[in-house]
Amino acid sequence: MAPIAVGDTLPDGNLSCFDAEDKPQQVSVHSLSAGKKVIIFGVPGAFTPTCSLKHVPGFIERAGELKSKGVDEIICISVNDPFVMKAWANTYPENKDVKFLADGSATYTHALGLELDLSEKGLGTRSRRFALLVEDLKVKAANIESGGEFTVSSADDILKAL
Amino acid sequence: MATNILRRAASSVITSKTGSLLTGTSRRSYASVAVGIDIVSAAHGVSLQKARSWDEGVSSNFSTTSVKDIFKGKKVVIFGLPGAYTGVCSQQHVPSYSKNIDKFKAKGIDSVICVAVNDPYVMNAWACKLTAKDVIDFYGDFDGSFHKSLELGKDLSAALLGPRSQRWSAYVVDGKVKAFNVEGAPSDFKVSGAEVILEQI
């Protein structure tokens, strides 16, 4: 699958998380993004440094600003299970806006064409680091790193696209 | 005697739930865990990843630990569970071992090991969260190969976990399994806790 690009339609797929009653559930990407302006950013792995210390905090800090520019949802996805994503999200108690969704089987990451083999590092198939701006399912900006670097996929970078 | 049968027919052994051995005509290509088997032979060539931070990974060149290095010449109690940060695993299984660590030491156990099909960074963060890292050695079986080689893999996709493992425990001396317990269902916690295996050492 070729990596997702500007002009593409965002594919649908199921991601998982915990609901208000703390039960694991699946949620469709389209149900969160149809008719809306959303940012989806992907990280190689929960509890790894760039993801935890730079990428996620950037979006939490800029959430207010992003929302004031009309962004309806800010979604963080990673190839981890929903238990791990929930525990990782809980390490950001100040977060109110970023949704942490799990792509445990990497199926959605594969649909985006953004998979990355990190078996050597003990991680298996994961996602490249990226940030997408999507308006009513049309990709308006696709900032994709070649691996896990952090040069184009930050919240500051995607703010420029708004 | 039983061990010799196993070595000759490692690919055709069926084990019953009580852990006794029966030779059969199975064509499975992986050995099962049971009392008497050599875990290093069963998990031949398999490595685990010690729980670590990313920086520790970088400075160690993302090195792994072979099953041989974990078990050879040592008295080990090892327990496996479906997933870091999940209910029974966090609230019952790990605490059962961490609070009994002195009893294991008194019985001459070299290490108590917790393993799950998670990456070593998640295992590390979870071990720190449970404040168990200084008493239990946590290892990640990130691709499930260790559990698969022991036929302890379990598909937990229904629980949104994907391919994981059974909940189990074993007492292993110089690679030989002396005691082995596996739950009927991964959500159970009846036979794989510290209290049970302490009686078996």
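Modeller: A residue is called buried when its relative accessible area is under 20%, and exposed when that area is over 50%. The model we are looking at is predicted.

Colleague: Why is Glu73(A) called buried?

Modeller: Glu73(A) has a relative accessible area of 8%. The cut-off for buried is under 20%, so Glu73(A) counts as buried.

Colleague: What makes Glu73(A) and Lys99(A) a salt bridge?

Modeller: Their side chains meet at 2.7 Å, N to O. The limit is 4 Å, so the pair qualifies. Glu73(A) sits in strand β4 of chain A and Lys99(A) in strand β5, 26 residues apart.

Colleague: Is Lys99(A) buried or exposed, or something in between?

Modeller: Lys99(A) has 33% relative accessibility.

Colleague: Why is the pair of Asp38(B) and Lys176(B) called a salt bridge?

Modeller: The N to O distance is 3.6 Å, and the rule asks for within 4 Å, so the name applies. Asp38(B) lies in the loop between β2 and α2 of chain B, and Lys176(B) in strand β11, so the pair ties together parts 138 residues apart in sequence.

Colleague: How do you know which of these two residues is buried?

Modeller: Asp38(B), at 12% relative accessibility, counts as buried, while Lys176(B), at 25%, counts as partly exposed.

Colleague: What makes Lys86(A) and Asp22(A) a link between separate parts of chain A?

Modeller: Lys86(A) forms a salt bridge with Asp22(A), with the closest N and O atoms 2.7 Å apart. Lys86(A) lies in helix α3 and Asp22(A) in the loop between β1 and β2, so the pair ties together parts that are 64 residues apart in sequence. Lys86(A) is partly exposed, with a relative accessible area of 28%, and Asp22(A) is partly exposed at 46%.

Colleague: How do you know that a salt bridge joins chain B and chain A?

Modeller: Asp119(B) and Arg126(A) have their closest N and O atoms 2.7 Å apart. That is within 4 Å, so the pair counts as a salt bridge. The count between the two chains is 2 salt bridges, and over all chains a search finds 11.

Colleague: What is the area buried between chain B and chain A, and on which atoms?

Modeller: The two chains bury about 1500 Å² between them, 74% of it on carbon and sulfur atoms. The contact takes 18 residues from chain B and 21 from chain A.

Technical notes: Residues numbered from 1 in each chain as written. Chains lettered and ligands numbered in written order. Predicted model: local features only at pLDDT ≥ 70, side-chain atom pairs only at ≥ 80, totals over all residues. Heavy atoms only, no water. Contact = heavy atoms within 4.5 Å. Buried area = accessible area lost by both parts, 1.4 Å probe. Helix = DSSP H or I, 4+ residues; strand = E, 2+ residues; numbered from the N terminus. Buried < 20%, exposed > 50% of the residue type's maximum accessible area, 1.4 Å probe, protein only.
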